[in-house]
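Please consult the sequence and the structure shown here while reading.

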Amino acid sequence: MLQIYNTLTRKKEVFKPIHEGEVRMYVCGMTVYDLCHIGHARVLVSFDVVTRYLRAKGYKVTYVRNITDVDDKIIKRANENGETFTALTERMIAEMHKDSGELGVLPPDAEPKATAYIAEMQDMISTLIEKGYAYAPGNGDVYYRVHKFDGYGKLSGKILEELQAGARIGVDEMKEDPLDFVLWKGAKEGEPYWESPWGNGRPGWHIECSAMGKCCLGETFDIHGGGPDLKFPHHENEIAQSEAANGKTFVNTWMHAGAVRVDNEKMSKSLGNFFTIREVLEKYPAEVVRYFLISSQYRSPINYSEDSLKEAGVRLERLYTALEGLNLDGVEPERGTSYEERFHAAMEDDFNTPEALGVLFELVRHLNKARKDGEANAAALGALVKELGGLLGILQDNPDAFLKSGGDVDEAWILEMIEKRKAAKAAKDFAEADRVREELAAQGVQLKDTREGTTWQIER
RNA sequence: GGCGAGUUAGCAAAGCGGUUAUGCAGUGGACUGCAACUCCAUAUAGACCGGUUCGACUCCGGUACUCGCCUCCA
(Lines give C-alpha, C1' and ligand atoms only; values in the text may rest on other atoms or scores of the structure.)
Protein backbone atom coordinates (compact mmCIF):
# COMPACT_ATOMS: atom_id res chain seq x y z
CA MET A 1 0.00 0.00 0.00
CA LEU A 2 1.73 3.09 -1.27
CA GLN A 3 1.78 6.08 1.03
CA ILE A 4 2.83 9.55 -0.05
CA TYR A 5 3.40 12.62 2.07
CA ASN A 6 1.03 15.34 0.90
CA THR A 7 2.22 18.89 1.50
CA LEU A 8 -1.38 20.06 1.41
CA THR A 9 -2.50 17.94 4.36
CA ARG A 10 0.94 17.71 5.95
CA LYS A 11 0.74 13.99 6.42
CA LYS A 12 1.33 10.71 4.70
CA GLU A 13 -1.72 9.46 2.86
CA VAL A 14 -2.56 6.22 1.13
CA PHE A 15 -2.18 7.02 -2.53
CA LYS A 16 -5.31 6.57 -4.57
CA PRO A 17 -5.25 7.76 -8.16
CA ILE A 18 -8.27 9.41 -9.74
CA HIS A 19 -8.43 6.81 -12.50
CA GLU A 20 -7.60 3.34 -11.35
CA GLY A 21 -4.24 2.18 -12.59
CA GLU A 22 -3.28 5.58 -13.97
CA VAL A 23 -1.25 8.40 -12.49
CA ARG A 24 -1.09 11.90 -13.87
CA MET A 25 1.82 13.83 -12.51
CA TYR A 26 3.07 17.34 -13.18
CA VAL A 27 6.42 18.59 -11.96
CA CYS A 28 7.68 22.14 -12.25
CA GLY A 29 10.76 22.05 -14.40
CA MET A 30 13.39 24.60 -15.18
CA THR A 31 13.51 28.21 -16.15
CA VAL A 32 16.04 27.86 -18.91
CA TYR A 33 18.39 30.82 -18.66
CA ASP A 34 21.40 29.03 -17.19
CA LEU A 35 22.86 25.59 -16.54
CA CYS A 36 21.11 23.37 -14.02
CA HIS A 37 22.58 23.05 -10.55
CA ILE A 38 22.49 20.24 -8.01
CA GLY A 39 19.23 21.51 -6.55
CA HIS A 40 17.63 21.00 -9.94
CA ALA A 41 19.26 17.59 -10.10
CA ARG A 42 17.59 16.62 -6.86
CA VAL A 43 14.14 17.40 -8.20
CA LEU A 44 14.89 15.64 -11.48
CA VAL A 45 16.15 12.51 -9.74
CA SER A 46 13.53 12.46 -6.97
CA PHE A 47 10.63 12.52 -9.39
CA ASP A 48 12.40 10.14 -11.70
CA VAL A 49 12.46 7.65 -8.83
CA VAL A 50 8.79 8.35 -8.16
CA THR A 51 7.96 7.71 -11.82
CA ARG A 52 10.04 4.56 -12.02
CA TYR A 53 8.50 3.18 -8.88
CA LEU A 54 4.92 3.99 -9.84
CA ARG A 55 5.49 2.28 -13.18
CA ALA A 56 7.00 -0.72 -11.42
CA LYS A 57 3.83 -0.91 -9.35
CA GLY A 58 1.91 -1.23 -12.60
CA TYR A 59 0.55 2.29 -12.93
CA LYS A 60 0.33 3.89 -16.31
CA VAL A 61 2.08 7.15 -15.50
CA THR A 62 1.76 10.32 -17.52
CA TYR A 63 4.63 12.48 -16.36
CA VAL A 64 4.63 16.11 -17.47
CA ARG A 65 7.54 18.40 -16.69
CA ASN A 66 7.27 21.90 -18.05
CA ILE A 67 9.89 24.30 -19.33
CA THR A 68 9.65 27.99 -18.55
CA ASP A 69 11.10 29.54 -21.67
CA VAL A 70 10.05 33.14 -21.27
CA ASP A 71 10.46 35.26 -18.17
CA ASP A 72 12.33 38.28 -16.79
CA LYS A 73 15.57 36.45 -16.07
CA ILE A 74 15.64 34.91 -19.52
CA ILE A 75 15.09 38.28 -21.18
CA LYS A 76 17.75 39.87 -19.02
CA ARG A 77 20.32 37.16 -19.68
CA ALA A 78 19.64 37.13 -23.41
CA ASN A 79 20.17 40.89 -23.52
CA GLU A 80 23.42 40.56 -21.59
CA ASN A 81 24.58 37.91 -24.02
CA GLY A 82 23.43 39.92 -27.01
CA GLU A 83 21.29 37.08 -28.34
CA THR A 84 17.60 36.47 -28.84
CA PHE A 85 15.81 34.92 -25.92
CA THR A 86 14.89 31.91 -28.03
CA ALA A 87 18.52 31.28 -28.92
CA LEU A 88 19.33 31.27 -25.21
CA THR A 89 16.46 29.02 -24.20
CA GLU A 90 17.06 26.53 -26.99
CA ARG A 91 20.67 26.19 -25.96
CA MET A 92 19.83 25.80 -22.28
CA ILE A 93 17.12 23.25 -22.99
CA ALA A 94 19.69 21.16 -24.85
CA GLU A 95 22.09 21.47 -21.90
CA MET A 96 19.37 20.49 -19.46
CA HIS A 97 18.55 17.40 -21.50
CA LYS A 98 22.19 16.49 -21.56
CA ASP A 99 22.54 16.81 -17.78
CA SER A 100 19.37 14.93 -16.95
CA GLY A 101 20.28 12.18 -19.39
CA GLU A 102 23.67 11.78 -17.72
CA LEU A 103 21.97 11.42 -14.36
CA GLY A 104 19.86 8.58 -15.70
CA VAL A 105 16.67 10.62 -15.56
CA LEU A 106 14.12 9.21 -17.99
CA PRO A 107 12.52 11.82 -20.25
CA PRO A 108 9.06 12.91 -19.14
CA ASP A 109 6.09 11.97 -21.31
CA ALA A 110 5.52 15.59 -22.19
CA GLU A 111 7.70 18.62 -21.79
CA PRO A 112 5.49 21.59 -22.61
CA LYS A 113 7.07 24.98 -23.12
CA ALA A 114 5.35 28.08 -21.82
CA THR A 115 5.66 29.85 -25.18
CA ALA A 116 3.64 27.09 -26.84
CA TYR A 117 0.64 27.63 -24.56
CA ILE A 118 0.13 31.40 -24.71
CA ALA A 119 -3.40 31.06 -26.10
CA GLU A 120 -4.43 28.63 -23.36
CA MET A 121 -3.05 30.96 -20.73
CA GLN A 122 -4.96 33.87 -22.22
CA ASP A 123 -8.14 31.80 -22.17
CA MET A 124 -7.66 31.04 -18.53
CA ILE A 125 -6.94 34.68 -17.72
CA SER A 126 -10.12 35.71 -19.55
CA THR A 127 -12.09 33.20 -17.53
CA LEU A 128 -10.61 34.55 -14.32
CA ILE A 129 -11.55 38.10 -15.31
CA GLU A 130 -15.10 36.98 -16.17
CA LYS A 131 -15.46 35.29 -12.83
CA GLY A 132 -14.12 38.31 -10.99
CA TYR A 133 -10.88 36.70 -9.87
CA ALA A 134 -8.74 38.94 -12.03
CA TYR A 135 -8.69 42.49 -13.31
CA ALA A 136 -6.96 44.51 -15.99
CA PRO A 137 -6.39 48.01 -14.62
CA GLY A 138 -5.41 49.38 -18.01
CA ASN A 139 -1.63 49.53 -17.74
CA GLY A 140 -1.21 46.39 -19.83
CA ASP A 141 -0.97 44.10 -16.79
CA VAL A 142 -3.58 41.68 -15.52
CA TYR A 143 -3.60 40.81 -11.83
CA TYR A 144 -5.10 38.02 -9.76
CA ARG A 145 -7.37 39.24 -6.96
CA VAL A 146 -5.94 37.17 -4.12
CA HIS A 147 -8.53 38.10 -1.50
CA LYS A 148 -11.30 36.83 -3.74
CA PHE A 149 -10.04 33.24 -3.49
CA ASP A 150 -11.07 31.65 -0.21
CA GLY A 151 -8.50 28.91 -0.04
CA TYR A 152 -5.51 31.16 -0.51
CA GLY A 153 -2.69 29.98 1.73
CA LYS A 154 -3.93 26.43 2.22
CA LEU A 155 -0.87 24.82 0.71
CA SER A 156 1.84 26.87 2.34
CA GLY A 157 0.01 27.58 5.58
CA LYS A 158 0.14 31.32 5.03
CA ILE A 159 -2.38 33.66 6.51
CA LEU A 160 -3.39 36.60 4.32
CA GLU A 161 -3.21 39.19 7.08
CA GLU A 162 0.33 38.21 7.89
CA LEU A 163 1.44 38.19 4.30
CA GLN A 164 0.04 41.66 3.97
CA ALA A 165 2.67 43.16 6.24
CA GLY A 166 5.68 42.58 4.00
CA ALA A 167 4.00 42.98 0.63
CA ARG A 168 4.77 45.94 -1.59
CA ILE A 169 3.58 47.30 -4.87
CA GLY A 170 6.19 47.93 -7.55
CA VAL A 171 6.40 51.35 -9.15
CA ASP A 172 4.81 50.45 -12.47
CA GLU A 173 2.15 48.25 -11.01
CA MET A 174 -1.52 49.10 -10.54
CA LYS A 175 -2.55 46.46 -8.03
CA GLU A 176 -5.68 46.78 -5.92
CA ASP A 177 -3.84 44.94 -3.21
CA PRO A 178 -0.14 44.34 -2.66
CA LEU A 179 -0.72 40.57 -2.49
CA ASP A 180 -2.23 40.41 -5.95
CA PHE A 181 0.09 38.77 -8.42
CA VAL A 182 0.53 39.24 -12.12
CA LEU A 183 -1.16 36.97 -14.65
CA TRP A 184 -0.22 38.94 -17.72
CA LYS A 185 2.61 41.38 -17.94
CA GLY A 186 2.51 44.29 -20.37
CA ALA A 187 5.61 44.44 -22.56
CA LYS A 188 8.12 47.23 -22.21
CA GLU A 189 10.12 48.60 -25.11
CA GLY A 190 12.34 45.94 -26.63
CA GLU A 191 10.84 43.02 -24.75
CA PRO A 192 9.40 39.98 -26.49
CA TYR A 193 5.60 40.02 -26.54
CA TRP A 194 2.43 38.31 -27.63
CA GLU A 195 -0.77 40.10 -28.59
CA SER A 196 -3.59 39.91 -26.12
CA PRO A 197 -6.93 41.52 -25.26
CA TRP A 198 -5.03 43.55 -22.65
CA GLY A 199 -2.26 44.69 -24.94
CA ASN A 200 1.05 43.26 -26.00
CA GLY A 201 2.78 41.37 -23.28
CA ARG A 202 3.85 38.04 -21.85
CA PRO A 203 2.43 35.65 -19.28
CA GLY A 204 3.19 35.87 -15.59
CA TRP A 205 5.11 32.93 -14.24
CA HIS A 206 2.38 31.09 -12.33
CA ILE A 207 -0.28 30.97 -15.04
CA GLU A 208 1.78 28.73 -17.29
CA CYS A 209 1.61 25.78 -14.93
CA SER A 210 -2.12 26.18 -14.41
CA ALA A 211 -2.71 26.28 -18.15
CA MET A 212 -0.30 23.52 -19.11
CA GLY A 213 -1.39 21.28 -16.25
CA LYS A 214 -4.95 21.56 -17.49
CA CYS A 215 -4.05 21.01 -21.12
CA CYS A 216 -1.79 18.03 -20.53
CA LEU A 217 -3.45 16.31 -17.59
CA GLY A 218 -6.93 17.74 -17.07
CA GLU A 219 -8.58 20.05 -14.56
CA THR A 220 -7.81 17.75 -11.66
CA PHE A 221 -4.81 15.45 -11.57
CA ASP A 222 -3.05 13.19 -9.10
CA ILE A 223 0.38 14.55 -8.25
CA HIS A 224 2.05 17.90 -8.56
CA GLY A 225 5.68 18.17 -7.57
CA GLY A 226 8.53 20.60 -7.45
CA GLY A 227 11.33 22.08 -5.45
CA PRO A 228 10.92 23.27 -1.87
CA ASP A 229 10.96 26.94 -2.71
CA LEU A 230 8.04 26.66 -5.12
CA LYS A 231 5.54 25.89 -2.41
CA PHE A 232 5.02 29.60 -1.94
CA PRO A 233 4.13 31.62 -3.84
CA HIS A 234 4.27 29.59 -7.03
CA HIS A 235 2.20 26.56 -6.13
CA GLU A 236 -0.13 28.53 -3.91
CA ASN A 237 -0.83 30.78 -6.88
CA GLU A 238 -1.33 27.86 -9.22
CA ILE A 239 -4.02 26.55 -6.91
CA ALA A 240 -5.69 29.94 -6.76
CA GLN A 241 -5.69 30.28 -10.55
CA SER A 242 -6.77 26.77 -11.43
CA GLU A 243 -9.40 26.26 -8.78
CA ALA A 244 -10.94 29.68 -9.39
CA ALA A 245 -10.99 29.19 -13.17
CA ASN A 246 -12.05 25.53 -13.26
CA GLY A 247 -14.15 25.36 -10.13
CA LYS A 248 -12.52 22.05 -9.24
CA THR A 249 -9.78 20.71 -7.02
CA PHE A 250 -6.56 21.29 -8.91
CA VAL A 251 -4.32 18.57 -7.48
CA ASN A 252 -4.84 15.77 -4.98
CA THR A 253 -1.27 15.18 -3.82
CA TRP A 254 1.41 17.86 -3.58
CA MET A 255 4.98 16.65 -3.30
CA HIS A 256 8.00 18.80 -2.54
CA ALA A 257 11.63 17.75 -2.58
CA GLY A 258 14.00 18.88 0.16
CA ALA A 259 16.63 21.53 -0.35
CA VAL A 260 20.21 20.84 -1.32
CA ARG A 261 22.53 22.71 0.99
CA VAL A 262 26.12 23.74 0.94
CA ASP A 263 27.76 24.37 4.29
CA ASN A 264 24.36 24.09 5.87
CA GLU A 265 22.85 26.83 3.71
CA LYS A 266 20.43 26.37 0.90
CA MET A 267 22.06 26.12 -2.50
CA SER A 268 20.46 28.79 -4.62
CA LYS A 269 21.04 31.10 -7.49
CA SER A 270 20.43 34.15 -5.36
CA LEU A 271 23.01 33.11 -2.77
CA GLY A 272 25.43 32.24 -5.54
CA ASN A 273 26.60 29.15 -3.66
CA PHE A 274 25.49 26.66 -6.25
CA PHE A 275 27.32 23.91 -8.09
CA THR A 276 26.16 23.14 -11.58
CA ILE A 277 25.48 19.56 -12.52
CA ARG A 278 28.06 20.04 -15.22
CA GLU A 279 30.90 20.87 -12.85
CA VAL A 280 30.02 18.08 -10.44
CA LEU A 281 29.98 15.57 -13.29
CA GLU A 282 33.52 16.56 -14.14
CA LYS A 283 34.62 15.24 -10.77
CA TYR A 284 32.31 12.31 -10.11
CA PRO A 285 30.64 9.65 -12.24
CA ALA A 286 27.01 10.52 -12.94
CA GLU A 287 25.75 7.43 -11.19
CA VAL A 288 27.64 8.42 -8.05
CA VAL A 289 25.94 11.80 -8.12
CA ARG A 290 22.61 10.07 -8.52
CA TYR A 291 23.42 7.73 -5.65
CA PHE A 292 24.28 10.72 -3.49
CA LEU A 293 20.90 12.27 -4.26
CA ILE A 294 18.92 9.17 -3.32
CA SER A 295 20.96 8.41 -0.22
CA SER A 296 18.61 10.50 1.86
CA GLN A 297 14.83 10.59 1.74
CA TYR A 298 13.58 12.98 -0.94
CA ARG A 299 11.95 15.37 1.53
CA SER A 300 14.98 15.74 3.82
CA PRO A 301 17.51 18.45 3.30
CA ILE A 302 20.76 17.09 1.90
CA ASN A 303 24.19 18.61 2.26
CA TYR A 304 26.44 18.77 -0.76
CA SER A 305 30.08 18.17 0.07
CA GLU A 306 33.12 16.48 -1.37
CA ASP A 307 32.99 13.98 1.48
CA SER A 308 29.43 12.93 0.84
CA LEU A 309 30.08 12.49 -2.88
CA LYS A 310 33.17 10.48 -2.11
CA GLU A 311 31.27 8.26 0.24
CA ALA A 312 28.50 7.79 -2.29
CA GLY A 313 31.18 6.52 -4.66
CA VAL A 314 32.53 4.02 -2.14
CA ARG A 315 29.07 2.74 -1.31
CA LEU A 316 28.06 2.35 -4.92
CA GLU A 317 31.33 0.55 -5.53
CA ARG A 318 30.42 -2.02 -2.92
CA LEU A 319 27.14 -2.71 -4.67
CA TYR A 320 28.80 -3.04 -8.06
CA THR A 321 31.57 -5.22 -6.63
CA ALA A 322 28.94 -7.70 -5.56
CA LEU A 323 27.75 -7.98 -9.16
CA GLU A 324 31.23 -8.18 -10.62
CA GLY A 325 31.83 -11.26 -12.74
CA LEU A 326 28.29 -12.60 -12.49
CA ASN A 327 26.61 -13.50 -15.73
CA LEU A 328 23.08 -12.19 -15.33
CA ASP A 329 21.96 -12.67 -18.92
CA GLY A 330 18.49 -14.17 -18.87
CA VAL A 331 18.78 -15.00 -15.19
CA GLU A 332 15.49 -14.89 -13.35
CA PRO A 333 15.76 -12.88 -10.09
CA GLU A 334 15.45 -14.89 -6.88
CA ARG A 335 11.85 -14.53 -5.72
CA GLY A 336 10.28 -14.67 -2.31
CA THR A 337 13.15 -13.24 -0.28
CA SER A 338 12.51 -10.92 2.63
CA TYR A 339 14.91 -8.47 0.98
CA GLU A 340 12.61 -7.89 -1.94
CA GLU A 341 9.63 -7.55 0.33
CA ARG A 342 11.38 -5.10 2.66
CA PHE A 343 12.74 -3.10 -0.24
CA HIS A 344 9.23 -2.58 -1.55
CA ALA A 345 7.88 -1.83 1.91
CA ALA A 346 10.47 0.92 2.21
CA MET A 347 9.63 2.38 -1.18
CA GLU A 348 5.92 2.25 -0.49
CA ASP A 349 6.51 4.32 2.61
CA ASP A 350 6.82 7.65 0.82
CA PHE A 351 9.72 6.49 -1.36
CA ASN A 352 12.12 5.83 1.48
CA THR A 353 15.21 5.32 -0.65
CA PRO A 354 17.78 5.27 2.20
CA GLU A 355 15.96 2.43 3.85
CA ALA A 356 15.58 0.65 0.54
CA LEU A 357 19.32 1.01 0.01
CA GLY A 358 19.91 -0.39 3.49
CA VAL A 359 18.00 -3.50 2.44
CA LEU A 360 19.99 -3.65 -0.77
CA PHE A 361 23.22 -3.75 1.25
CA GLU A 362 21.91 -6.60 3.35
CA LEU A 363 20.98 -8.43 0.17
CA VAL A 364 24.44 -7.82 -1.19
CA ARG A 365 26.07 -9.32 1.87
CA HIS A 366 23.86 -12.35 1.43
CA LEU A 367 24.91 -12.50 -2.21
CA ASN A 368 28.61 -12.26 -1.38
CA LYS A 369 28.24 -15.21 0.92
CA ALA A 370 26.20 -17.16 -1.61
CA ARG A 371 29.00 -16.81 -4.15
CA LYS A 372 31.04 -19.30 -2.17
CA ASP A 373 28.36 -21.94 -2.78
CA GLY A 374 28.36 -21.58 -6.52
CA GLU A 375 27.35 -19.33 -9.33
CA ALA A 376 23.70 -20.25 -9.83
CA ASN A 377 22.17 -18.93 -6.63
CA ALA A 378 24.51 -15.95 -6.60
CA ALA A 379 23.40 -14.98 -10.10
CA ALA A 380 19.73 -15.15 -9.13
CA LEU A 381 20.45 -12.89 -6.17
CA GLY A 382 22.51 -10.65 -8.40
CA ALA A 383 19.61 -10.38 -10.82
CA LEU A 384 17.45 -9.29 -7.90
CA VAL A 385 20.01 -6.67 -6.89
CA LYS A 386 19.99 -5.35 -10.41
CA GLU A 387 16.23 -5.36 -10.63
CA LEU A 388 15.77 -3.49 -7.35
CA GLY A 389 18.58 -1.11 -8.26
CA GLY A 390 16.76 -0.42 -11.49
CA LEU A 391 13.78 0.89 -9.55
CA LEU A 392 16.12 3.52 -8.17
CA GLY A 393 17.84 4.05 -11.50
CA ILE A 394 21.18 2.65 -10.37
CA LEU A 395 23.25 -0.49 -10.96
CA GLN A 396 22.30 -0.89 -14.62
CA ASP A 397 25.82 -0.35 -15.90
CA ASN A 398 28.21 -3.20 -16.55
CA PRO A 399 29.90 -3.71 -13.13
CA ASP A 400 33.29 -4.15 -14.70
CA ALA A 401 32.87 -0.96 -16.70
CA PHE A 402 31.81 0.96 -13.61
CA LEU A 403 34.66 -0.32 -11.46
CA LYS A 404 37.23 0.41 -14.15
CA SER A 405 35.89 3.86 -14.92
CA GLY A 406 37.18 7.16 -13.67
CA GLY A 407 40.85 6.55 -14.26
CA ASP A 408 43.09 7.67 -17.04
CA VAL A 409 45.25 4.62 -17.34
CA ASP A 410 46.16 2.52 -20.36
CA GLU A 411 44.53 -0.87 -19.95
CA ALA A 412 47.18 -2.68 -22.00
CA TRP A 413 49.83 -1.38 -19.64
CA ILE A 414 47.83 -2.55 -16.62
CA LEU A 415 47.47 -6.03 -18.07
CA GLU A 416 51.16 -6.08 -18.82
CA MET A 417 51.94 -5.13 -15.23
CA ILE A 418 49.57 -7.80 -13.96
CA GLU A 419 51.45 -10.40 -16.04
CA LYS A 420 54.73 -9.10 -14.71
CA ARG A 421 53.49 -9.46 -11.15
CA LYS A 422 52.19 -12.92 -11.87
CA ALA A 423 55.59 -13.99 -13.09
CA ALA A 424 57.28 -12.46 -10.07
CA LYS A 425 54.87 -14.28 -7.78
CA ALA A 426 55.50 -17.56 -9.57
CA ALA A 427 59.22 -17.03 -8.98
CA LYS A 428 58.48 -16.21 -5.34
CA ASP A 429 59.96 -12.78 -5.89
CA PHE A 430 57.42 -11.06 -3.65
CA ALA A 431 59.39 -7.87 -3.38
CA GLU A 432 59.07 -7.42 -7.14
CA ALA A 433 55.41 -8.43 -7.08
CA ASP A 434 54.69 -5.82 -4.42
CA ARG A 435 56.68 -3.22 -6.29
CA VAL A 436 54.53 -3.78 -9.39
CA ARG A 437 51.36 -3.55 -7.33
CA GLU A 438 52.53 -0.30 -5.81
CA GLU A 439 53.41 1.10 -9.19
CA LEU A 440 49.83 0.42 -10.28
CA ALA A 441 48.44 1.80 -7.05
CA ALA A 442 50.33 5.02 -7.68
CA GLN A 443 48.21 5.36 -10.84
CA GLY A 444 45.01 4.70 -8.90
CA VAL A 445 44.79 1.09 -10.04
CA GLN A 446 43.87 -1.40 -7.38
CA LEU A 447 44.46 -5.13 -7.87
CA LYS A 448 42.18 -7.86 -6.64
CA ASP A 449 43.31 -11.47 -6.65
CA THR A 450 40.53 -14.00 -7.16
CA ARG A 451 40.46 -17.71 -7.80
CA GLU A 452 40.03 -16.97 -11.49
CA GLY A 453 43.01 -14.64 -11.57
CA THR A 454 43.80 -11.03 -10.92
CA THR A 455 41.32 -8.28 -11.72
CA TRP A 456 41.68 -4.55 -11.31
CA GLN A 457 39.65 -1.47 -10.71
CA ILE A 458 40.09 2.23 -10.22
CA GLU A 459 40.39 3.19 -6.58
CA ARG A 460 37.85 5.71 -5.32
C1' G B 1 7.71 38.70 13.97
C1' G B 2 4.34 34.65 11.41
C1' C B 3 4.30 29.63 9.55
C1' G B 4 6.89 25.00 8.90
C1' A B 5 10.88 21.21 9.28
C1' G B 6 14.66 19.28 12.08
C1' U B 7 18.46 17.96 16.33
C1' U B 8 20.35 9.83 16.12
C1' A B 9 26.93 6.98 17.37
C1' G B 10 33.70 9.65 14.39
C1' C B 11 30.81 10.85 9.56
C1' A B 12 26.34 10.06 6.52
C1' A B 13 21.44 8.26 7.13
C1' A B 14 16.69 5.10 8.39
C1' G B 15 13.00 2.35 11.00
C1' C B 16 10.92 1.36 15.58
C1' G B 17 7.29 1.97 22.56
C1' G B 18 10.74 -3.59 24.65
C1' U B 19 14.59 -7.58 20.08
C1' U B 20 21.26 -5.89 14.79
C1' A B 21 19.05 -0.48 10.51
C1' U B 22 22.46 0.32 6.70
C1' G B 23 27.08 2.34 4.59
C1' C B 24 31.90 4.66 5.35
C1' A B 25 35.72 5.14 8.98
C1' G B 26 37.84 2.31 13.71
C1' U B 27 39.23 -2.29 16.36
C1' G B 28 39.95 -7.86 16.51
C1' G B 29 39.80 -12.22 13.49
C1' A B 30 39.27 -15.48 8.81
C1' C B 31 41.00 -15.50 3.74
C1' U B 32 45.97 -13.85 1.27
C1' G B 33 53.10 -14.83 0.31
C1' C B 34 51.67 -9.69 2.00
C1' A B 35 47.62 -6.75 0.47
C1' A B 36 42.93 -5.59 -1.94
C1' C B 37 38.00 -7.78 -2.44
C1' U B 38 34.90 -10.75 0.66
C1' C B 39 33.29 -12.95 5.29
C1' C B 40 32.90 -13.18 10.85
C1' A B 41 33.05 -10.46 15.41
C1' U B 42 33.11 -5.77 18.01
C1' A B 43 33.11 -0.54 20.43
C1' U B 44 30.89 4.28 19.82
C1' A B 45 23.95 6.88 19.54
C1' G B 46 19.47 9.45 20.12
C1' A B 47 20.30 18.18 22.08
C1' C B 48 18.39 19.37 27.13
C1' C B 49 14.43 19.21 31.10
C1' G B 50 9.97 17.14 32.65
C1' G B 51 5.62 13.78 31.91
C1' U B 52 2.89 9.17 30.30
C1' U B 53 4.37 3.84 30.64
C1' C B 54 6.20 -2.22 33.72
C1' G B 55 9.48 -0.16 29.84
C1' A B 56 10.84 5.76 25.43
C1' C B 57 15.66 7.37 20.77
C1' U B 58 10.45 6.20 19.49
C1' C B 59 4.30 9.16 22.57
C1' C B 60 3.07 14.19 25.21
C1' G B 61 4.71 19.14 27.14
C1' G B 62 8.56 22.69 27.67
C1' U B 63 13.64 24.75 26.72
C1' A B 64 17.88 25.46 23.58
C1' C B 65 19.92 25.38 18.92
C1' U B 66 19.84 24.65 13.42
C1' C B 67 17.43 25.16 8.83
C1' G B 68 13.51 26.54 5.32
C1' C B 69 9.42 29.75 3.57
C1' C B 70 7.25 34.65 4.23
C1' U B 71 11.04 38.65 -2.38
C1' C B 72 13.22 35.88 -7.97
C1' C B 73 14.84 30.88 -6.79
C1' A B 74 14.32 23.47 -7.78
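Arginine 145 and glutamate 176 meet through their side chains in a salt bridge, at 2.7 Å from N to O. A salt bridge is here a side-chain nitrogen of Lys or Arg within 4 Å of a carboxyl oxygen of Asp or Glu. The pair links distant parts of the chain, 31 residues apart: arginine 145 is in the loop between strand E6 (142–144) and helix H5 (160–166), and glutamate 176 is in the loop between H5 and strand E7 (181–186). Helices (H or I, at least four residues) and strands (E, at least two) are DSSP runs, numbered from the N terminus. Arginine 145 counts as partly exposed because its relative accessibility is 23%; buried means under 20% relative accessible area, exposed over 50%, and partly exposed in between (1.4 Å probe, protein chains only).

The model is predicted, and local features need pLDDT of at least 70, side-chain atom pairs count only at pLDDT 80 or more, while totals for chains, interfaces and linings use all residues. Residues are numbered from 1 along each chain as its sequence is written, chains are lettered from A and ligands numbered from 1 in the order in which they are written, and side-chain values use heavy atoms, with hydrogens and water left out.

**Further salt bridges**

The count of salt bridges comes to 37. Two further pairs are set beside the one above.

| Pair | N to O distance |
|---|---|
| Arginine 145 and glutamate 176 | 2.7 Å |
| Lysine 448 and glutamate 324 | 2.8 Å |
| Arginine 435 and glutamate 432 | 3.1 Å |

Lysine 448 forms its salt bridge with glutamate 324. This pair also links distant parts of the chain, with lysine 448 in strand E14 (residues 445–450) and glutamate 324 in the loop between H10 and helix H11 (338–348), 124 residues apart. Glutamate 324 counts as buried, since its relative accessibility is 13%.

Arginine 435 and glutamate 432 are three residues apart in helix H16 (residues 430–442), and therefore about one helical turn separates them. Arginine 435 is partly exposed at 35% relative accessibility, and glutamate 432 is partly exposed at 23%. Elsewhere, Asp34, Lys76, Arg77 and Glu80 are joined in a network of salt bridges.

**Charge at the surface**

Which residues gather in a patch of positive charge on the surface? They are Arg318, Arg365, Lys369, Lys372 and Arg451. Such patches are made of residues with over 30% relative accessible area and no salt bridge, like charges being joined within 9 Å and nonpolar side chains (Val, Leu, Ile, Met, Phe, Trp, Tyr) within 5 Å. Arginine 318 is placed in helix H10 (residues 306–323) and counts as partly exposed because its relative accessibility is 38%.

Helix H7 (residues 231–246) is largely enclosed by the rest of the structure, because 13 of its 16 residues are buried. Just after H7, glycine 247 takes a positive phi of about 70°.

**Two aspartates with positive phi**

Aspartate 263 has a phi near 50°, a positive value in a residue other than glycine. Aspartate 263 lies in the loop between strand E11 (260–262) and E12, and it counts as exposed at 68% relative accessibility. Aspartate 350, also not a glycine, has a positive phi of about 55°. Its place is in the loop between H11 and helix H12 (353–370). Is aspartate 350 buried or exposed? With a relative accessibility of 0%, aspartate 350 counts as buried.

**Lysine 266**

Lysine 266 lies in strand E12 (residues 265–266) and is partly exposed, with a relative accessible area of 33%. Leaving aside neighbours within four places in sequence, lysine 266 is in contact (heavy atoms within 4.5 Å) with Asp229, Ala259, Val260, Arg261, Leu271 and Asn273.

**The chain as a whole**

Chain A has 16 helices and 15 strands. Of its 460 residues, 50% count as buried. Along the principal axes, the C-alpha atoms of chain A fill a box of roughly 95 × 50 × 35 Å. Among contacts between residues at least 6 apart in sequence, 74% join residues at least 24 apart.

Key
Areas by Shrake-Rupley, 256 points an atom, 1.4 Å probe, with all protein chains shown as cover. Lys, Arg positive; Asp, Glu negative; His and termini not counted. Charge placed at Lys NZ, Arg CZ, Asp CG, Glu CD.
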